[in-house]
Amino acid sequence: MAIARLPKLRLATATAPKIDVDGSATDRGVQWVLIGEPGVKRHAYAERLSKLLEVPHISMGTLVRQELNPHSSLYKQIANAVNEGKLVPEDVIFALLSKRLEEGYYGGENGFILDGIPRTRIQAEILDQITDIDLVVNFKRTEEQMLKSSESEVLHIGSSKDVGTSWKKNVHVYSEQAKSVEDYYSKQKKLLNFQVSGAPADAWQGLLAALHLQHINALASSQKLTA
């Protein structure tokens, strides 16, 4: 599959501090990917990071759902995959992502927080053909959190046996795919593992510390107070 590579996103106007993986200044906004185990609420973290760093949050789930209308040229392919319980074809996924990145680039965007992709090593390799990725944040849950999630499903479905079997199967499939993605980015020295634990507020502060963003968060907070 031939995919056009976008030019490196460049900073047009400076309003927020631009940082690199190590916290040093750079000439454009961050281009980060958020991956991780189901149930870690990546979307919420992506939204907060997007606002803090003033770069757009690009959610693959949202991009796909936007095409689920009969007027979309990709509607049939996406609807067929969803109805059959299959993954949306990769050529469709990357066509949507390439279009979104291109629109952002020519619209003056200078970075992004991407979540929902890649889910496989092949997707990670294709993503590298499209754009540069600075950092991949890998959200991990504790065993206690995973057990609580499983127990929650039991309360809704009512069958611990069915949920247990389904949960183990999903975790196994996810683990196999996730390890290949983690290894891919680890070899590039772009992977940051983050253990989600404690209350949401504590987890957010822990994430800021892991990403060396405390100073930017403090600056943003002080600006709100003086606004």
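Before placing anything in a helix, I note what counts as one: a DSSP run of H or I with at least four residues, numbered from the N terminus. I also remind myself that this is a predicted model.

**Entry 1: R100**

I looked up R100 and found it in helix α4. Buried or exposed? I take buried as under 20% relative accessible area. R100 comes out at 18%, so it counts as buried.

Next I asked which residues R100 is in contact with, once its neighbours within four places in sequence are left aside. My list reads P56, I58, L63 and E109.

**Entry 2: helix α3**

I moved on to α3, which runs over residues 75–83. Which of its residues are buried? I noted I78, A79 and A81. They cover an arc of only 165 degrees around the axis, so they sit on the same side of α3. When I turned to the other side of α3, I found K76 and N83 exposed.

What do the buried residues of α3 pack against? I get two helices here, α2 (60–66) and α4 (90–106).

For E54, I read a phi near 55 degrees. I find E54 in the loop between α1 (42–53) and β2 (57–59). Its relative accessibility is 43%, so I log E54 as partly exposed.

For K189, phi is about 60 degrees, again positive in a residue that is not a glycine. Where is K189? I see it in the loop between α7 (160–187) and β5 (191–196). K189 is exposed, and I put its relative accessible area at 77%.

**Entry 3: a cis peptide bond**

Last item: which residues does the cis peptide bond join? I have I117 and P118, with omega at about 5 degrees. I located P118 in the loop between β3 (112–115) and α5 (121–130).

**Recap**

Notes:
Residues are numbered from 1 along each chain as its sequence is written. This is a predicted model: local features need pLDDT of at least 70, side-chain atom pairs count only at pLDDT 80 or more; totals for chains, interfaces and linings use all residues. Side-chain values use heavy atoms; hydrogens and water are left out. Buried means under 20% relative accessible area, exposed over 50%, partly exposed in between (1.4 Å probe, protein chains only). The arc is that of the directions from the helix axis to the C-beta atoms. Contact means heavy atoms within 4.5 Å.
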